[in-house]
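Here is a friendly briefing for your first look at a protein fold. Please have the sequence and the 3D view open side by side while you read.

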Amino acid sequence: MSENTTEKKRILIVDDEPDILNLTTKFLELGNYETLTSSNGKEAMKIIEQKYDQIDLVLLDIMMPGRSGYSVLEEIKTTDKYKDITVVLFTVKSFNEDIQKGKRLGADYYITKPFSGKELLKKINEILNN
Ligand SMILES: [Mg+2]
């Protein structure tokens, strides 16, 4: 069988900053990933409920109005059918406590803001090809 486009890995990007969503989506699509986006935690959780078996990775901002990334992370990692989804947290460089808390809640990897699209794609490629 030949490969087809349905084999693309799918990434859910969750961030309340439109510029981050746009940049991230653009680079991941250039890298041949399929993307889903959400600007808030509540909606992100709804997408996960519906599509958890089709999502390979969630890129998750921590600070968002309403439901935080921590809360979404905690629900993913404490729910049997979601917990195998790889979660990559967006963190701010100087906020070491973000990383500590994310680690406790089960985050798999971190990407530090600010980042370039190239760096992001390189890191995601490393994670998903492991
Ligand atoms: Mg934010």
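Helix 1 (residues 18–30) lies across strand 1 (10–14), strand 2 and strand 3, and runs at about 170 degrees to strand 2. Here helices (H or I, at least four residues) and strands (E, at least two) are DSSP runs, numbered from the N terminus. Axes are lines fitted to C-alpha atoms, for helices over the stretch in contact, and angles run from 0 to 180 degrees between N-to-C directions. Two residues are in contact if their C-beta atoms, placed from the backbone, lie within 7 Å. This is a predicted model, in which local features need pLDDT of at least 70 and side-chain atom pairs count only at pLDDT 80 or more, while totals for chains, interfaces and linings use all residues. Residues are numbered from 1 along each chain as its sequence is written.

**The whole chain**
- The chain has five helices and five strands, and from the N terminus on they run β-α-β-α-β-α-β-α-β-α.
- Its C-alpha trace spans about 45 × 35 × 25 Å along the principal axes.
- With 130 residues, a compact globule would have a radius of gyration near 14 Å, and the chain agrees because it has 14 Å. This radius is taken over C-alpha atoms, and the globule rule is 2.2 Å times the number of residues to the power 0.38.
- Among contacts with a separation of 6 or more, 63% join residues 24 or more positions apart.
- Of the 130 residues, 29% count as buried. A residue is buried if 20 or more other C-beta atoms lie within 10 Å of its own, exposed if 12 or fewer, and partly exposed in between, with C-beta atoms placed from the backbone.

- Five strands form an open sheet in the order 2-1-3-4-5, and the pairing is parallel. Two strands pair if DSSP finds at least two bridges between them.
- The edges are strand 2 (34–38) and strand 5 (109–113), each of which pairs on one side only.
- On average, neighbouring strands of this sheet are turned by 20 degrees against each other, direction ignored.
- Strand 1 and strand 2 pair in the parallel sense over five bridges, and Ile11 stands opposite Thr35 in strand 2.
- From strand 1 the chain crosses through helix 1 to strand 2, and this β-α-β crossover is right-handed. That word applies if, with the strands pointing away from the viewer, the path from the first strand over the helix to the second runs clockwise.
- Strand 3 (residues 57–61) and strand 4 (residues 86–92) also pair in the parallel sense, over five bridges; the bridge partner of Leu60 in strand 4 is Leu89.

**Helices with a buried side**
- In helix 2 (residues 41–51), the buried residues are Gly41, Ala44 and Ile48. They are on the same side of helix 2 because they cover an arc of only 55 degrees around the axis. The arc is that of the directions from the helix axis to the C-beta atoms.
- Strand 1, strand 2 and helix 3 are among the elements that cover these buried residues of helix 2.
- On the face of helix 2 turned away from its buried side are the exposed residues Lys42, Lys46, Glu49 and Gln50.
- Helix 3 (residues 69–77) lies across strand 1, strand 3 and strand 4, at about 150 degrees to strand 3.
- Buried residues of helix 3 are Gly69, Tyr70, Val72, Leu73 and Ile76. Their arc around the axis is only 160 degrees, so they are on the same side of helix 3.
- They pack against strand 1, helix 2, strand 3, strand 4 and helix 4 (96–104).

**Residues to find**
- Leu12 sits in strand 1 and counts as buried because it has 23 C-beta neighbours inside 10 Å. Leu12 and Leu59 are 47 residues apart in sequence, yet 6.1 Å apart in space, C-alpha to C-alpha.
- Leaving aside neighbours within four places in sequence, the contacts of Leu12 include Leu36, Ala44 and Val58.
- Val92 belongs to strand 4 and counts as partly exposed because it has 13 C-beta neighbours inside 10 Å.
- Asn32 lies in the loop between helix 1 and strand 2. Asn32 has a positive phi of about 75 degrees although it is not a glycine.
- A cis peptide bond, with omega about -5 degrees, joins Lys113 and Pro114. Pro114 lies in the loop between strand 5 and helix 5 (117–128).
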